[in-house]
Amino acid sequence: MIAFRLGLFLVLVVLGAAAVSLVWVPQDVGAMAIANKLKPPTLAHPMGTDHFGRDVLSMIMVGARTSIAVALVAVGIGMGVGVPLGLAAAANRGGWLDEIIMRGNDLVFAFPSLVIAILITATFGPSAVNAILAIGIFNIPVFARVTRGAALSLWTRDWVMAARVAGKGRVRISVEHILPNVANLLIVQGTIQFSLGILAEAGLSYVGLGAQPPTPSWGRMLAESQTMISFAPHLAIFPGLAILFTVLGLNLLGDGLRDALDPRLRRSR
Amino acid sequence: MTLLAIDNLHMAIAGHPVLRGVSLELAAGEVLGVIGESGSGKSMTAFAVMQLLPDAARCSGRITLAGRDMLALDEPALCAMRGRYVGMVFQEPMTALNPLQTIGDQVAETIRIHDDRGQDDALRRAADALTRAELPPERFPMTRYPHELSGGQRQRVVIAMAIALRPRLLIADEPTTALDVTTQAQILSLLARLAREDGMGLMLISHDLAVVAGLADRIAIMQAGQVVEQGPVSLLTRGLTHPYSRALLAASTHQPARDGGDDGDVILRVRDVVRDYPGRRTLRGRAPAFRAVDGVSFDIRRGESLGLVGESGCGKSTLTRAILGLEPVQRGSITFRGQAVHPAMGNDLRAGMQVVFQDPYGSFNPRWRVDRLVAEPFHLAPVAPDVARHRVAEALEAVGLRASDMQKYIHEFSGGQRQRIAIARALVTRPDLILLDEAVSALDVSVRAQVLDLLADLSDRLGLTYLFISHDLTVVRAITDRVMVMQAGRIVETGPTAQVLTAPQHPYTRALIAAAPTLPTGDAA
């Protein structure tokens, strides 16, 4: 429970920072002030300034927006495509459609995801949109598998049999009966994929294939700080901590949600 | 000599009282039957004896087993007692065994925990224990895995584990509830023999009065955490005094008042139905098909109540699914109201028959409210929303619930209430035929009696036709006009219920009836 609260707190801090940055940041991230460059943390600049004299705190706040947007849309793609595929596979369990969907899943799973993401962005040009697509595609089989696995056991329940006796078809049963009962699992998986998405976005930006300048991005801030790490370590530390705490927060939140939503775990305590 | 003495045992789990002043005694070589409905505390009493309780449980009182105060012992001392002095047999033989260990190793493991003289010695003694549990290693090698055995054989392995060290006390918690009638009779006589031979005290916990009546020397009846009555088993025939135990006895043999089935026209006609399941695909091609239903023919007339009796795996559930038009048949025909039944049949035909399942806890989508659950069959015969609402309310009132229950979620209801809701759902499209698939088997006896009354009343009032599928002969006797006995996919005997149950013709029917536990009929009963 403490872990869940800590996770919720961390996630709310990041979301809050991103939301606040929409209307106000300590200093405009587009404005350069070379005279002020590479300042260590001070009261005026709590996280210091970078090699262009931009406020690091402001850049992290705006960068949170990028990270959240990329990860959120990628999870959306994964859920939007993966969940229907998983439901369809479970509804036709043992049939040819199930076989096609699950073998297709295996195919996508067989590739190392980050390498393919690099391939996609390298082919179609580096941009936030291509990063989203690349991360999103690899979320699809994850959601398809989770959905199918949970749905399979639900299809043997008597209440699904009752719905069949009531003449309902597979699609209708999937939407009305199966989906609401796998939703809690999907929420948990969603938070975990969300954190993986943030990591993947940071990774892509780090190698220069994510959001392009001047859009601030945590991954690129890390990459740019590399050459200056010996005399301005704060440039690496603060974006690194931002990624760490966001991913940690989302994972704690996901674990906590799993415990809270799974009646089996609740009873055993 | 008193082996086990429980004296004024109180127990609360997380502040909720579960046991309230339970006092029981059990002598060596004696069989004590503990009877009660779900939630009466009978299993908790057994777990308290072994001190296998949830962390939040707090006990007060005294439990003396073989001269030791169980409540005063620390965990290592309790571990030494469990298995050695007390053995336990659980309800579900499927989950009580480790699927990855051979049966010989599992029995030997219990032995080595308490008395380790090497694996060879343990295996030798395991073989001995299995032989005493009537599973001799000559016929059932100890290298078998649990999935290679039937339910009854697995329960014998569990019993062998429990008696391997010749404990002084054996606790059997609903040991036969998950088993078929004929297997149940064998396991019960095995338990009785073991208790007699070893001079072991046997605490037999059951919800079924008849099971206990055939085996116990003394009985204790529990209700809401208290023992309301205890004494020699002859109490059952010579008169129970406590109102609850009298009600329990009455409910166990309850016969709802009902009109006989009138001879209407044939509503469901089943002719030479065959249902095969394809064999598993293996590396060497397909295994031969499994024939679950093999040439079954029968008619049901309007207003009739027909029973279908058989043990697990006999094909009753497969037949049910075929009649409901959920699965295709390979040969033969099923006609309902003169029209063919098949998976693609029209909704109006489907609306004519409904089903009530066994498990009141698994029959409903937990995320829907009662109004939506009961209204689900309207998918077959759409009606205006206000009409649907009215009909749902009507159906709920017909089964003895209130229309205001519509707004509640299913977890707010007890098992018996849920089964009423399942019946309401089956009634809402005003069908002609209702299939009751073990519909009262999971209910406590007193609730079962109420639901049987309800079914009899509904059939009289609404002219319903029932196909009543059950393994329980008592229930079938109470509610059906005619009965069919099914074995290995075939109907082996059909006839008026009273005639089939009193003068069975087929050897299988005779075996079933002989194996079914019965309550002794005394002067007072």
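The radius of gyration used here is taken over C-alpha atoms, and the globule rule is 2.2 Å times the number of residues to the power 0.38. Residues are numbered from 1 along each chain as its sequence is written, while chains are lettered from A and ligands numbered from 1 in the order in which they are written.

**Exercise 1.** Compare the radius of gyration of chain B with that of a compact globule.

*Solution.* First, the rule gives a radius near 24 Å for 525 residues. Next, chain B has 25 Å, so the two agree. Finally, the C-alpha atoms of chain B fill a box of roughly 70 × 60 × 50 Å along the principal axes.

**Exercise 2.** Describe the side of chain B that touches chain A.

*Solution.* Begin with the contacts (C-beta atoms, placed from the backbone, within 7 Å): 18 residues of chain B meet 14 residues of chain A. Then identify the elements giving two or more residues to this side of chain B: α11 (347-350) and β18 (353-356) of chain B. Helices (H or I, at least four residues) and strands (E, at least two) are DSSP runs, numbered from the N terminus.

**Exercise 3.** State the confidence of the prediction for chain B and for the complex.

*Solution.* Chain B has a mean pLDDT of 86, with 98% of its residues at 70 or more. For the complex, the predictor gives an ipTM of 0.72 and a pTM of 0.78.

Key: Predicted model: local features only at pLDDT ≥ 70, side-chain atom pairs only at ≥ 80, totals over all residues. Contact = placed C-beta atoms within 7 Å. Nonpolar A, V, L, I, M, F, W, Y, C, P; charged D, E, K, R; others polar. pLDDT = per-residue confidence, 0-100.
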